[in-house]
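Reader: I am new to this structure. Can you take me through how to read its features, one at a time?
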Amino acid sequence: MTQMKILRYLTFLLVSLIPLVGYCDDVTFDVRAPKTVRVGDRFNLSYVLNADGSDMRLGDTEDFDVLMGPSQSTSRSIQIINGDMKQSYQSTFTFILKAKKEGTFTIPAARITSGGKQISSAPVTINVVAADASVPQNNQQQSSAGSQTSQSQSKQSSDIVIVQSLNRTSVYEGEPVVLTTKIYTRAHLQQISDIKQPDLTQFVTSDLRGGGQLQFSQEQYDGKYWDAAVADIQMLIPQKSGKLTINPTEYEFVVKQRSSRGGGGFFDSFFDDVQLVKRLVRSNAVSVDVKPLPQSTTKTSGGVGDFNFSVSVSPTDVTVDNSVQVKVSVTGEGNLKLLTLPKPQLHSDFDTFDPSENVNIDVTSHGYKGTKSAEYLIIPRRDGDFEIPAMSFVYFNPQQGKYVTKTQGPFTIHVSKGDGTQTSNTPVFSGNSREQVQYLGKDLRYIHTDNSLVKRDEFFLFSPLFFLCLFIPLAAFIAVFVIYRKRISDSMNISGVKRRRANKAARKRLKMAARYMKEQKREAFFDEVMRALWGYLSDKLTLPLSVLTKDNAKEEMEKHNIDSSAADDFMQLLDACEFARYAPVEMAEPMDKIYGQAEDVIEKIDGYIK
């Protein structure tokens, strides 16, 4: 028993001395990063130290977006062979960056403190190419310490296929076409981490799928059975003629796969490791032949589809100064949202107001279906019979391959004098504006007959009102000058400005995170929450973001008199976000829970630092 205790003490002492032994060897600080990335790609920038270190400071990264970091992982090992002890110690600091623009950029050397000395890494140069350029698959270097997620960026995967298809390949300009994107998989999909949609600026687009979770079912494709799901359905209305090409859609999947230990034994398969692997998969490109609309001899509405046209006038028998409603409406299916309604030609003796437009449509595979209408309110200012000329609606019917004209009217409105208060000498409106007034049979307007006058016995000069008017501008000038000087003083206090705006900046980022949560973009959501938390803490403590790490964040918060419980909540929330980015959905915290915790912890810390 005594020997066992001695052995435990020696083991404990040996493990405790491992970091100290590391300083006996030369301390190295290496950097690992890909040589080439694409615009919009996320990549790891890792710094590896073969000793214990603190106060990690990253070089200038203004050409990249720092999405997360540093996340630190450590590993220790010791070997005793024939009395000789060999040990190794390694600390890895990983940042996740995103390329913003094309070019060749150099990230300066990073610095870290180890053994009381400051050590610098080598600078690293990264070439950023266009988003559609190819990148060598072995280019991306990943930190293997403590990580179970790797990346594989292949253009196509043998067990995941994305297919884009159009319901029609030849349409007229303005005629809807449906683009369907479908996922076929034989792999263990965990989630979709990123989607890069093609450029559809040549079309007017509307979503037909409506979002929600993907519903997989067994389907046969290319002679094999796959798990298939419709990922996206878009209704597209081409806005120009010619051959329009829709580029591939890119999906980044997180896939669960087994990696064998390689022993080859019967029991080895029971102990295989499970990894979450990222795969980038591109779909095929599709094209549609858009035929131009034929020339029309009359002015068209721009409508393409099948429509009904109606005009109603109510009432048609009114008295002067009573309103009449003219309603113009088009009902049908096609590019209803984009067409122009014809306008009625109204008499100059009508007082006309701006129309009230109403669009009530649904999105279908044949375009927009519903009703588009405009209601005009008119008021007759003179008695008589007035006519609203016939109105024509011209649109193109692609099924018939020709223009169709539909006509309504003309309409007659009978206006009577009413109570006898309106005569031929009554002033009337001679245009479409009530300011254009014409007097008939009169040369003069009514003369005021009120002759009540007020006698004023005092002069304005040197009166109390005179001095009041004299000193009010002076007092206002002094107040404006004081306020202006105070604002200048406040703006010069950069730390104070940052501290005051910290909560507002964090709320803005959380608002963006809420948008990602609504769109079910999990990785983007957690990234934005972490950026909101780190940015808030940096502004609130008036410390550069590069200085703050997970090792010293809690210590800095305590220096600023932030309660330890609030600091613990902040750090636990950061850990939960980092875990949830790559963890399966069922293992990670719900996004709405993380969002609520982020609001609470910011509010809690805000109460300690004003």
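Author: Let us start with a sheet. 3 strands form an open sheet in the order E24-E32-E29, with mixed pairing. This is a predicted model, and we will come to its confidence soon.

Reader: Which strands stand at the edges of this sheet?

Author: Look for strands with a single partner. Here these are E24 (317–319) and E29 (384–388), so each has one side left without a neighbour in the sheet. From one strand to the next, the twist averages 30°.

Reader: How many bridges join E29 to E32?

Author: There are 5 bridges between E29 and E32 (residues 411–416), and the two strands run antiparallel.

Reader: Is Phe386 buried or exposed?

Author: Check the relative accessible area against the cut-off: buried means under 20%. Phe386 sits in strand E29. Its relative accessible area is 5%, so Phe386 counts as buried.

Reader: Which residues is Phe386 in contact with, leaving aside its neighbours within four places in sequence?

Author: The list is His347, Asp349, Phe350, Phe411, Thr412, Ile413 and Val415. Take Phe411 from that list. Phe386 and Phe411 are 25 residues apart along the chain, yet their C-alpha atoms are separated by 8.5 Å.

Reader: Now confidence. What does the protein average in pLDDT?

Author: The average is 78, and 77% of the residues score at least 70. Confidence is lowest in strand E11 (residues 149–152), with a mean of 36. It is highest in strand E22 (residues 286–291), at 94.

Reader: Where is the pLDDT below 50?

Author: One such stretch is residues 266–271. Beyond near neighbours in sequence, residues 266–271 have 2 contacts in the model. Another is residues 421–444, where the pLDDT is also below 50. That stretch has 38 contacts in the model, again beyond near neighbours in sequence. Where pLDDT is low, the predicted coordinates should not be read in detail.

Reader: And the whole chain? How many helices and strands does the protein have?

Author: Count the elements: 8 helices and 34 strands. Then ask about burial. Of the 610 residues, 38% are buried. The protein exposes about 35,800 Å², and carbon and sulfur atoms supply 50% of that area.

Reader: What share of contacts joins residues at least 24 apart?

Author: Start from contacts between residues at least 6 apart in sequence. Of these, 72% join residues at least 24 apart.

Reader: Back to strands. How many residues of E14 are buried?

Author: Strand E14 (residues 177–185) is mostly covered, with 8 of its 9 residues buried. Now look at its partners. E14 pairs with strand E12 (residues 160–166) in the antiparallel sense, over 7 bridges. In that pairing, Ile160 has Thr185 of E14 as its bridge partner. E14 also pairs with strand E18 (residues 224–238), antiparallel again, over 9 bridges. There, Thr180 stands opposite Ile233 in E18.

Reader: Which side chain makes a polar contact with the side chain of Lys182?

Author: Lys182 lies in strand E14. Its side chain and that of Glu219 are joined by a polar contact of 2.9 Å. Leaving aside neighbours within four places in sequence, Lys182 is in contact with several residues, among them Val161, Ile162, Ala228 and Val230.

Reader: What is the strand order in the sheet that holds E22?

Author: The order is E13-E22-E19: 3 strands in an open sheet, with mixed pairing. E13 (170–172) and E19 (242–246) are the edge strands, each pairing on one side only. Neighbouring strands are turned by 30° against each other on average, direction ignored. E19 and E22 run antiparallel and are joined by 5 bridges. Thr245 stands opposite Ser287 in E22.

Reader: Last, a loop. Where is Asn335 found?

Author: Asn335 is in the loop between strand E25 (324–334) and strand E26 (350–352). Asn335 is buried, with a relative accessible area of 4%. A polar atom of its side chain lies 3.0 Å from the backbone oxygen of Gly302. Beyond neighbours within four places in sequence, the contacts of Asn335 include Gly174, Ile237, Gly302, Phe307 and Tyr368.

Methods. Residues numbered from 1 in each chain as written. Predicted model: local features only at pLDDT ≥ 70, side-chain atom pairs only at ≥ 80, totals over all residues. Heavy atoms only, no water. Pairing = 2+ DSSP bridges. Helix = DSSP H or I, 4+ residues; strand = E, 2+ residues; numbered from the N terminus. Axes fitted to C-alpha atoms, helices over the stretch in contact; angles between N-to-C directions. Buried < 20%, exposed > 50% of the residue type's maximum accessible area, 1.4 Å probe, protein only. Polar contact = N/O pair within 3.5 Å; in protein donor to acceptor, adjacent residues only side chain to side chain. Contact = heavy atoms within 4.5 Å. pLDDT = per-residue confidence, 0-100. Areas by Shrake-Rupley, 256 points an atom, 1.4 Å probe, with all protein chains shown as cover.
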